[in-house]
Amino acid sequence: QEFVVRNDCACGSTIGPIISERLGVRCADVGMPQLSMHSCREMMGAQDLTHCHALLTAFFRRFGDIDARLGACKRPRAEP
């Protein structure tokens with residue numbers, strides 16, 4: 001073995017939280033693991049792709065309902 005991942009070092013982040021913070025938009029940072037993306041043990045199962053596709057399809061089909069329910073979480077607009 002030529003490379004060892006140290007557990008006491010901070011790892012990288014995904015772009016989702018960075019964009020959310022800088023643009024002030026709501027976001028959900030979701031995705032599929034890739035072999036050894038963050039860990040030599042990180043892998044995805046054969047059915048993960050199918051499950052993720054079903055989740056995202058349902059989410060976007062019902063986005064209007066979901067967005068309306070999350071309306072209470074929206075920040076109030078500043079008064080002019």
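**Group meeting: a pocket and its aromatic rings**

Okay, let's start with the largest pocket, which is lined by Arg26, Cys27, Ala28, Val30, Leu55, Leu56, Phe59, Phe60, Phe63, Ile66, Asp67 and Leu70. Two elements give two or more residues to that lining, H2 and helix H3 (63-69). H2 has the largest share, with four residues. The space in this pocket is about 280 Å³. By pocket I mean, on a 1 Å grid over the protein atoms alone, an open set of points where a 1.4 Å probe fits, with protein on both sides within 12 Å along at least five of seven lines; lining residues have an atom within 4 Å of a point. The volume is the space filled by probe spheres set on the points, which are joined across faces, edges and corners.

A word on what you're looking at. This is a predicted model, where local features need pLDDT of at least 70 and side-chain atom pairs count only at pLDDT 80 or more, while totals for chains, interfaces and linings use all residues. Residues are numbered from 1 along each chain as its sequence is written, and side-chain values use heavy atoms, with hydrogens and water left out.

Now the overall picture. Helices here are DSSP runs (H or I, at least four residues), strands are E runs of at least two, and both are numbered from the N terminus. Of the 80 residues, 4% count as buried; that's under 20% relative accessible area, with exposed over 50% and partly exposed in between (1.4 Å probe, protein chains only). The protein exposes about 7,800 Å², and carbon and sulfur atoms supply 58% of that. Those areas come from the Shrake-Rupley method with a 1.4 Å probe, and for residues only the protein chains shown count as cover.

Val30, Leu55, Leu56, Phe59, Phe60 and Phe63 form a nonpolar patch, with about 560 Å² of accessible area together. Patch residues have over 30% relative accessible area and no salt bridge; nonpolar side chains (Val, Leu, Ile, Met, Phe, Trp, Tyr) are joined within 5 Å, like charges within 9 Å. Helix H2 (residues 48-61) gives the most to it, four residues.

So which residues do the ring pairs link into a cluster? They're Phe59, Phe60 and Phe63. Rings of Phe, Tyr and Trp (its six-membered ring) pair if their centres lie within 6.5 Å; planes under 30 degrees apart are stacked, over 60 edge-to-face, the rest tilted. That rule gives two aromatic pairs. Phe59 and Phe60 are edge-to-face, because their centres are 5.1 Å apart and their planes sit at 80°. Phe59 and Phe63 are edge-to-face too, with centres 5.7 Å apart and planes at 65°. Phe60, in helix H2, is exposed at 57% relative accessibility. Phe63 is partly exposed at 37%.

The partners are the side chains of Arg62 and Asp65, at 3.7 Å, N to O. Arg62 is partly exposed at 46%, and Asp65 is partly exposed at 44%.

Technical notes:
Salt bridge = Lys/Arg side-chain N within 4 Å of Asp/Glu carboxyl O.
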